[in-house]
Structures are given as structure tokens and as C-alpha cells.
Amino acid sequence: GSTIGILGGGQLGRMMANAGSAMGYRFVVLDPTPDAPCGQVADQIVAAYDDREAAHELAKRSDVITYEFENVDADVAAMLMKESYVPQGSELLYTTQHRLREKHAIEAAGVKVAPYSEIRSVEELREAVRRFGLPSVLKTATGGYDGKGQWVIRSEAEIEEAYETLSRARTELVLEQFIRFEKELSVIAARSPQGEIRTFPAAENIHVDNILHLSIVPARIDVQLQREAEELAARIAEGLGVVGLIAVELFLTAGGELFVNELAPRPHNSGHYTMEACRTSQFEQHVRAVCGLPLGDTSLMTPVVMVNVLGEHVEPLLALMAEADEAAQRLGVAAKVHLYGKHEAKHKRKMGHVNVLAADTEAALAWISETNIWKD
Ligand code: ATP
Ligand code: MG
Ligand code: MG
């Protein structure tokens, strides 16, 4: 059997390793935190991501190397490509590590992004805010996640402070027009080295405090728009020459327009619903793609709502399990609990998720509100 190496040992790596182990692959993961979520289900090399000795060891032990986060150091990626097989290449990382490069690549693929402008000075910011109107969103070009590294500018008085604060990150800045979206959607596409492309059904995503709370599938939009969102993701996968997965986050406006928000070249939180609801999960699909296997059937088998379990939800989830099971039986839903083996249940930290399978998404949403686990 072959061994797959993963850069990064979080929950995405863990679920990748679980899916790939069922397919007969072995896994070795590089992560600095001892007993990382993925290290619990795979061999782990405990070292920093930019530790060259550790990267050599990972390359030596792996037949194929992939990653579960996009901020892989360019030198490390280049070294791994020389010493092992990295089917996703380094170009995709280079593009998606930087919001401006990413937007250029999306536009080159013929897909729309929210109007944006590179910002090099506070004067340029003033000028761009005048053009886009208030509110506008200032973002660092690199390193942002869960809404960190961005500032929604709501008045002219905030311009200076927003610029000063985000400039400290020492990366380029980009201003985006604020999109008054009707819904946020995402589509995950997979592409194999042979160029085969498959897309998963679009998810309707609801965020709380910039962190994903719910993914509702099928998205509550008409079928034509669902198809359009999937086609657009496929176009991006093709245009960027993706191998593996690409997650495409989208804004849908009241006028029925779709704009891309951002991309992630890896399994995505909004794709966790596929684990029980699709014939092939995003994790199995990723393994298939990077191993050059035919891609799996992405059909949805049942309506589903995925709800994230954050640090503050772990205790209520465990304490209210009996009531939750009773509610599931009464509502005719199956609530599949996934936990990632993280030791510290910190506030807002992603600890797990629940896939709620039901005859319709309304019943799944009813279960989530009845359990009292996700109160505000
Ligand atoms: P993550 O990588 O965790 O998804 P992030 O920090 O990279 O998050 P974005 O996805 O860019 O941040 O933005 C976070 C959320 O902020 C979006 O899901 C959306 O709700 C809101 N947002 C971002 N940009 C805009 C915009 N231009 N107009 C309106 N809302 C926006
Ligand atoms: Mg992001
Ligand atoms: Mg995002």
C-alpha cells in the first residue's frame, strides 16, 4: 500500500486520513502540536512546518504529499516537490495564499468577484471607499481566517484606524465593496490530474461572528441557481488547473447574481455534510483526486444540515445527548456526531460538527433549535 503525507494535523487532516485509511492508504502527518487531531489517527512527525529535517523525513516516508491548509511555506513546498510527489503543485498554493492573486485568477477563469481595489496608502483607501461607498470591507491579502484580518468600514471616521490596524500585518491590503447578499453559498469541486472534474451540491452557509454555524443542503435557492453555482466552481477548478479539492465561497444577491468571495484549495468546513449525505465524501474525493483514481459520485442521498460544535457547545452537547436523541426520534432525523479529539474546548474553537440527516432541511433545523445546544 502507499503512504500519503499530510502537511498539517488538524481536523481536516484527521478526516482525510480516516477516509483514506478505509481505502487502504497509510498516513503520516507533519504538525508541531503533539497528539494533534490527525496525529491520533495517523503517524505524526512532531515538528514545525518550516523544519527542513522534518520536511525531508515527510518526503522520504510519503509516496504522495498533500496539505490541509493553504499557508504552506513556498520553500518547503518547492523542497517537497523535488523529493516526493505533490500532485497539487505549488502554483495553486501561491495563488490562493494571496487575495489579490486569487481574485485575478478567478477573473481570468471568467468568474465574477466582488468589486475590489488594491490599497497601498491611506489616500488610496479614502479614494476607494468613496468609489465603493459605505460600508466597505478592508482585508489583509494574506493570513486571514474566521474574519480575522478584516475590517468593515462603516464611516469615514474609521478609515485611518482601519488602515493603521491592518497595515501592522505587513502584507498588501485590499478593499472590497460590501455585498448585500441574500445568501452565502459554497461549492466544492474536485479535479484529478487527468482533468476529470466533479462538483458537490451547493451548500447554503450561515455564519455567526464570522465563523461557519450551519450548512444547509440542498441550499434553499432554485435548482437553476444551484446548477449555476456548480458550473462556476467547475470553471474555477479548470481555470486554475486544480488537483484535489477547491472550495468556492459565494455571495448570492437579491438580483440573482453570484460573486466569488474566496477560495480554499482543500477540504472545507462547509463540505463536512458530504460525510453522510453524499455517495462520496469530500475527504474520499480528495484522496481519490491526489492519488489519480477516478472521482466518486457526488450525488446527495438525503437533505442535511451541518451544525458546527464550538468550544462552548461541547458541554451542552454531552449533557443534553439523551434529550437530543429523543428529539431526533420524534422529528425523524438522524444526528451524526463528529468530534475531532482536541484537548482544550476553548471558546469559538472548532471541536466537531453534527450532520443532521432528515426528510427535509426544515426538520433538521427544528432538531437544532429544539436541542438547546446552540443557544445564540
Ligand atoms: P474564512 O477563511 O474562515 O472563511 P476569512 O477570514 O477568510 O474567513 P472571508 O471569508 O473573506 O474571511 O469573510 C468572512 C465573512 O465576512 C464572509 O463569510 C461574509 O459573511 C463576510 N464578508 C466578507 N467579505 C464581504 C463582502 N465583500 N461583502 C459582504 N460581506 C463580506
Ligand atoms: Mg478565508
Ligand atoms: Mg471565508
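**Strands, a helix and a ligand**

Q: How many residues of strand β15 are buried?
A: In this predicted model, seven of the seven residues of β15, which runs over residues 304-310, are buried, so the strand is largely enclosed by the rest of the structure.

Q: Which residues point which way from β15?
A: Val 304, Met 306, Asn 308 and Leu 310 point one way, while Val 305, Val 307 and Val 309 point the other way, and all are buried.

Q: What does β15 pair with?
A: β15 pairs with strand β12 (residues 211-217) in the antiparallel sense, over four bridges. There, Val 304 of β15 stands opposite Val 217. β15 also pairs with strand β17 (residues 350-357), again in the antiparallel sense, over seven bridges. In β17, Lys 350 is the bridge partner of Leu 310.

Q: And β12, what about its pairing with β11?
A: β11 and β12 are antiparallel, with five bridges between them. Asn 205 stands opposite Ser 215 in β12. The two strands form a hairpin with two residues between them, and Asp 209 there takes a positive phi near 50°.

Q: Which strand pairs with β11 over three bridges?
A: That is β9 (residues 181-191), which pairs with β11 (residues 203-208) in the antiparallel sense. Ser 186 has Ala 203 in β11 as its bridge partner.

Q: Switching to helices. Which residues of α3 are buried?
A: Helix α3 covers residues 74-83, and Val 76, Ala 77 and Leu 80 are buried in it. They cover an arc of only 100° around the axis, which puts them on the same side of α3.

Q: What is on the other side of α3?
A: Ala 74, Asp 75, Ala 78 and Lys 82, which are exposed.

Q: What do the buried ones pack against?
A: The buried residues of α3 pack against α2 (52-61), β4 (64-67) and α4 (91-96).

Q: Zooming out, how is the chain divided?
A: Into domain 1 (3-86), domain 2 (115-177) and domain 3 (181-370). The centres of domain 1 and domain 2, taken over C-alpha atoms, are separated by 35 Å.

Q: Where does ligand 1 lie?
A: Ligand 1 lies between domain 2 and domain 3, because both give residues to the shell around it.

Q: How many residues surround ligand 1, and which are the closest?
A: 16 residues surround ligand 1, and the closest are Gly 144, Tyr 145, Asp 146, Glu 176 and Ile 179.

Q: What classes are in that shell around ligand 1?
A: The shell has six charged, five polar and five nonpolar residues.

Terms used
Residues are numbered from 1 along each chain as its sequence is written. Chains are lettered from A and ligands numbered from 1 in the order in which they are written. This is a predicted model: local features need pLDDT of at least 70, side-chain atom pairs count only at pLDDT 80 or more; totals for chains, interfaces and linings use all residues. A residue is near a molecule or strand if its C-beta atom, placed from the backbone, lies within 6 Å of it. Ala, Val, Leu, Ile, Met, Phe, Trp, Tyr, Cys and Pro count as nonpolar, Asp, Glu, Lys and Arg as charged, and the others, Gly among them, as polar. Domain bounds come from an automatic or database domain assignment. A residue is buried if 20 or more other C-beta atoms lie within 10 Å of its own, exposed if 12 or fewer, and partly exposed in between; C-beta atoms are placed from the backbone. The arc is that of the directions from the helix axis to the C-beta atoms. Two residues are in contact if their C-beta atoms, placed from the backbone, lie within 7 Å. Two strands pair if DSSP finds at least two bridges between them.
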